[in-house]
Structure formats: structure tokens, C-alpha cells
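Take a first walk through this model. Keep the sequence and the 3D view side by side as you read.

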Amino acid sequence: MTDRPIRILIADDHPVVRAGLRAILELEHDFEVVADVPTAEEAVTLAAETPLDVVLMDLQFGDRMLGSEATAKITAVAGAPRVLILTTFGTDADIVAAIEAGATGYLLKDAPTEELTAALRTAAAGKSAIAPTVALRLMDRVRQPNAVLSRRETEVLQLVAEGLSNVAIAKRLFLSQATVKSHLAHIYTKLDVDSRTAAVAAATARGVIRR
């Protein structure tokens, strides 16, 4: 067991959030905030070049690289630091994308300080650190697989919610229009709806997509 502090990188596009997290974490004797950066790209670069134990990663960085994409790039390297997601987004689409990308943990930004610091220590030890509310959503997906949208179906419905047509969705996701229509048909069946508007409303109410 080493007495070396847990080396942390904070990645969030809001300066106030970065400053607040740094102030909180630097109060812990076993934490060392190595750096804080405003973009996912910088997080990927620093994680590859700097000795770190945990990257505390947001999911959204404006129009730049997503936190889930950065997580995949970081964790793909041997000996990479753990990635703990800290975000305001708790939809199925966000959670699944982050976990599949290799995130060790997932917390929401309204988590108490004690939960955050405990999660960082857990992640640094190589163990999973999932917020209770997030864990419940994941369990629901396992318990009701036939009623759960696949990742691709969720992506399609998210773009529907953003107002894209089938043609635009097909171009964005590099799919045929027939495939997009097939995904929508499956979505309607799983959500027990019969229109795009109803599908978006139902999925938003269930926390499957953001609106």
C-alpha cells in the first residue's frame, strides 16, 4: 500500500465547475488535482502524457468531442487511468454510452461531496463506482430487455427529438433510410406508441433521451 496521493484530472467545460471541484478535492489529504482542463481532447492528451489515477470526466463539451468518446480513447491505452463520469445527464443513452466506452463509474453532479470523494477512491482502486439512481436504471435495462431501446435505437430517437428527418438521420448515422424506418418501428413497439411525437414524449418521460 502506497502513501502516494490519488492523482486526479478534472475535465469540464465550465470554469466555475472546475474551480469548485478543485477546491473540494484539494481539501482531501489523499487527493492531488494534477490539472483541470476545459475540453475532452485535452483530457485525452494529458491522460496519455501524465501519470494519473482517475480522470473526472463530464459528458458534454459544447460542440467538441464528447466525454464518452474521450473515455474510450483514454481507456484503450494499456495502464490508462480510470475514468469517473460526473455529469448532469442521467439518461439511458448517456449512461450506456459511458459504460460501454470504459468508464469505471458514473455520478450525477447533484451527488453529495462524500459520495464523490468515496467514488474517486473506489475508482482509483479499480472498482466500479455507480450512483444508486444510475445503478437502478441499469438494473431496469437488465430486468426488461425486451422493453429497452438498443443503443442504436436510442441514437435514432435522440435525433428525432432534435428535429431531424429520416433522411437526415440516415446521413448522420451512415444508415439507409430503410434501416432508420426499421429502427423507428421497433421503437414504437417497445414504447407502445404510434408516432414520432409520442415516441419522443414517452422516451423523455422515462429518462431514455434528453430533450
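The paragraphs below go from the annotated domain to its salt bridges and then to one helix.

This is a predicted model, in which local features need pLDDT of at least 70, side-chain atom pairs count only at pLDDT 80 or more, and totals for chains, interfaces and linings use all residues. Residues are numbered from 1 along each chain as its sequence is written, and side-chain values use heavy atoms, with hydrogens and water left out.

Start with the record. In an unreviewed entry, UniProt lists residues 7–124 as "domain: Response regulatory". UniProt positions follow the numbering used here, feature names are shortened, and annotations may be inferred rather than shown by experiment. Over residues 7–124 the chain is 44% helix and 22% strand. The end C-alpha atoms of that stretch are 9 Å apart. Helices (H or I, at least four residues) and strands (E, at least two) are DSSP runs, numbered from the N terminus.

The unreviewed UniProt entry places "modified residue: 4-aspartylphosphate" at Asp58. Asp58 sits in the loop between S3 and H3. Is Asp58 buried or exposed? Its relative accessibility is 4%, so Asp58 counts as buried. The cut-offs are under 20% relative accessible area for buried, over 50% for exposed, and partly exposed in between (1.4 Å probe, protein chains only). Leaving aside neighbours within four places in sequence, Asp58 is in contact with Ala11, Asp12, Asp13, Gly67, Leu86, Thr87 and Lys109. Contact here means heavy atoms within 4.5 Å.

The side chains of Asp58 and Lys109 meet in a salt bridge, at 3.3 Å from N to O. This pair links distant parts of the chain, 51 residues apart, with Lys109 in the loop between strand S5 (105–108) and H5. Lys109 is partly exposed, with a relative accessible area of 28%. A salt bridge is a side-chain nitrogen of Lys or Arg within 4 Å of a carboxyl oxygen of Asp or Glu. Side chains of opposite charge can pair when their charged atoms come close.

How many salt bridges are there by this rule? The count comes to 14. Asp53 and Arg7 form one, at 3.1 Å from N to O. Asp53 lies in the loop between helix H2 (40–49) and strand S3 (54–57), and Arg7 in strand S1 (residues 6–11), so this pair ties together parts 46 residues apart in sequence. Asp53 is buried, at 15% relative accessible area.

Another joins Glu28 and Arg121, whose closest N and O atoms are 2.7 Å apart. Glu28 is in the loop between helix H1 (15–25) and strand S2 (31–37), and Arg121 is in helix H5 (residues 113–124), so the pair ties together parts 93 residues apart in sequence. Glu28 is partly exposed at 22% relative accessibility, and Arg121 is partly exposed at 29%.

Move on to helix H8, residues 166–173. Its buried residues are Asn166, Ile169, Ala170 and Leu173. Seen down the axis of H8, they fall within an arc of 100°, so they line one face of the helix. That arc is taken from the directions from the helix axis to the C-beta atoms. An α-helix has 3.6 residues a turn, so residues three or four places apart point the same way. What covers these buried residues of H8 includes helix H7 (151–161), helix H9 (177–191) and helix H10 (196–205). Just after H8, Phe174 takes a positive phi of about 60°.
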